[in-house]
Amino acid sequence: MPFGLIKYALSSGHPAKRFLLARPELKPSYDVVIIGGGGHGLATAYHLARYHGIRNVAVFEKGYIGGGNTGRNTAIIRSNYLTPEGVAFYEESVSLYRQLSRELDYNILYSERGHFTLAHTDSAMRTSRWRAEVNKHLGVDSELVYRDDLARLIPELNLSEEAAYPILGALYHPPGAVARHDAVAWGYAGRAAELGVEIHQDTTVTDIEVTDGRVSGVVTDRGRVACGKAVQAVAGASSEIARMAGVKLPIRTIPLQACVSQPHKPSLDAIIVSGSLHVYISQSDRGEFVMGGSTDPYPRYQTSSSLDFIEGLMSHVLELLPHLSEVQVMRQWAGMTDMTPDFAPIMGETGVENYYIDAGWGTWGFKATPVCGKRMAEMLATGRVPALIAPFRLSRFENFDLVGEKGAASVGH
Amino acid sequence: MKLMHCPLNGWRNIQEFTHGGEVVAEPDPNRCSDAEWAEFVFMEENKAGMVREWWCHTATAYWFIAERDTVKDEIIRTYDAGEVFKERIEFTRPEPPKEA
């Protein structure tokens with residue numbers, strides 16, 4: 001390795017080839033325009049180019065790729081949901097994630113840790129058993145574990161009965177994993193760009209042209225482009241972008257905050273989640289404890305952090321893991337989430353022909369990135385809605401046919 | 001700590017309040033179509049900018065209206081719902097469905 005570095009320094013091959021072109025010129029027309037250069041949009045672009053041969057594709061990103069919620073989540077990947085629709089969907093996502101580093105030839109640091117959803121009440125135990133049975137029925141590795149199991153599996157966990165909310169058991173999901181979220185966006189972007197997809201960063205979509213009920217073009221701050229089809233994948237700004245196409249959504253934009261501690265030696269293998277205490281915590285490969293909680297109490301288009309949040313979160317974190325009391329919090333941030341009434345995403349047709357949506361990802365979007373890209377691309381290429389994502393259609397609301405995914409992150413049962 | 005002005009209780013910590021959603025006209029549930037009712041129940045303007053919303057001071061269960069900016073996170077004005085809703089809403093017995 002040192003020799004490789006010296007050889008590289010002396011060669012004429014540097015600076016290294018850019019991963020992405022800086023900002024290519026806009027073409028007058030694209031087959032598919034993807035609004036939003038986060039994980040979902042880039043994965044969709046990659047799947048279109050790689051598996052469907054659709055390469056005249058542009059991705060428009062207002063900031064930089066992966067700079068929104070893709071880079072702001074707590075990077076947890078799991079499939080132990082409650083509804084059969086949710087489980088089937090996330091199970092495909094987990095299986096795609098497992099081989100994603102190989103698929104993209106880019107290390108996303110996928111790390112299986114075991115995911116524990118703690119239960120502090122009898123009703124939470126009942127829901128955990130329910131989730132475990134739904135999971136097993138659908139072939140997902142989940143089981144209900146009790147206090148003695150937890151003492152063995154997570155020795156540092158505070159199992160005292162003197163705690164304000166004593167732990168009764170947990171839903172244990174061994175395949176639960178974490179990954180490096182930036183790498184997911186970069187991997188998809190790099191491979192998609194190699195296949196001919198244009199990724200336009202620093203390009204803001206300002207309007208969407210709809211002619212006779214069909215999308216015809218997208219206007220950006222760098223000019224207008226015509227498009228055959230368009231898809232929006234802009235968590236946080238979904239309502240504002242959809243409004244440009246005349247589509248109204250059942251979404252509230254609510255900030256979700258998270259934080260990391262100073263790096264420490266590896267000490268916490270498991271991913272620990274408590275729905276009742278609104279806490280999730282894991283240790284990243286860099287040694288930081290990554291901690292998140294529930295969404296903010298009211299909607300905002302803003303990513304400011306608050307002391308209220310960190311105080312509330314830490315009181316719960318320290319109840320679960322008292323040995324972290326001397327650990328310093330290093331960074332705190334927020335992302336803007338799309339919250340839907342049934343805690344399930346919105347994917348598919350919008351009522352505007354050839355205009356598709358990928359939104360409503362609330363607090364559970366990162367773990368769906370690969371399956372979303374795969375199935376959105378399939379829908380764009382074939383014009384048919386894949387069965388796996390059909391339950392998440394926008395029209396479910398006007399038909400009172402909601403999904404009701406209470407397995408979403410940090411939702412109390 | 002962020003403060004909000006409650007028309008009944010004065011300045012209070014915003015943690016004492018519950019957000020109640022946008023102020024929208026409620027369609028008559030006895031006469032509107034299913035689509036209109038679904039729109040009322042589920043759909044949101046969710047505007048980036050000025051919004052008018054229901055808020056409740058939780059401790060006193062007092063509902064009022066707040067105008068705020070969702071981008072700057074500023075509360076512009078709060079006022080009693082009586083400023084907007086002048087008439088009492090009567091909850092009358094629905095008319096029986098017409099014979100087809």
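**Sheet.** I looked up the strand order in chain A of this predicted model. Eight strands form an open sheet, ordered 6-7-5-14-15-16-13-17, with mixed pairing. I took strands as DSSP runs of E, at least two residues, and helices as H or I runs of at least four, numbered from the N terminus. Two strands pair if DSSP finds at least two bridges between them.

I noted the edges: strand 6 (143-146) and strand 17 (329-339) of chain A each pair on one side only. Neighbouring strands are turned by 20 degrees against each other on average, direction ignored.

**Strands 14 and 15.** I checked one pair. Strand 14 (271-274) and strand 15 (279-283) of chain A run antiparallel, joined by three bridges. S274(A) stands opposite V279(A) of strand 15.

**Helix on the sheet.** I found helix 5 (122-137) of chain A packed on the sheet, touching strand 5 (115-119), strand 6 and strand 7 (169-173). Its direction makes about 20 degrees with that of strand 7 of chain A. Axes are lines fitted to C-alpha atoms, for helices over the stretch in contact; angles run from 0 to 180 degrees between N-to-C directions. Contact means C-beta atoms, placed from the backbone, within 7 Å.

**Domains.** I read the bounds from an automatic or database assignment. Domain 1 of chain A covers 26-110 + 176-250 + 342-413, and domain 2 covers 111-175 + 252-339. Their C-alpha centres lie 26 Å apart. Domain 1 of chain A gives 36 residues to the contact, domain 2 gives 40.

**Conventions.** Residues count from 1 along each chain as written, and chains are lettered from A and ligands numbered from 1 in written order. Local features need pLDDT of at least 70 and side-chain atom pairs 80 or more, while totals for chains, interfaces and linings use all residues.

Note on methods. Contact = placed C-beta atoms within 7 Å.
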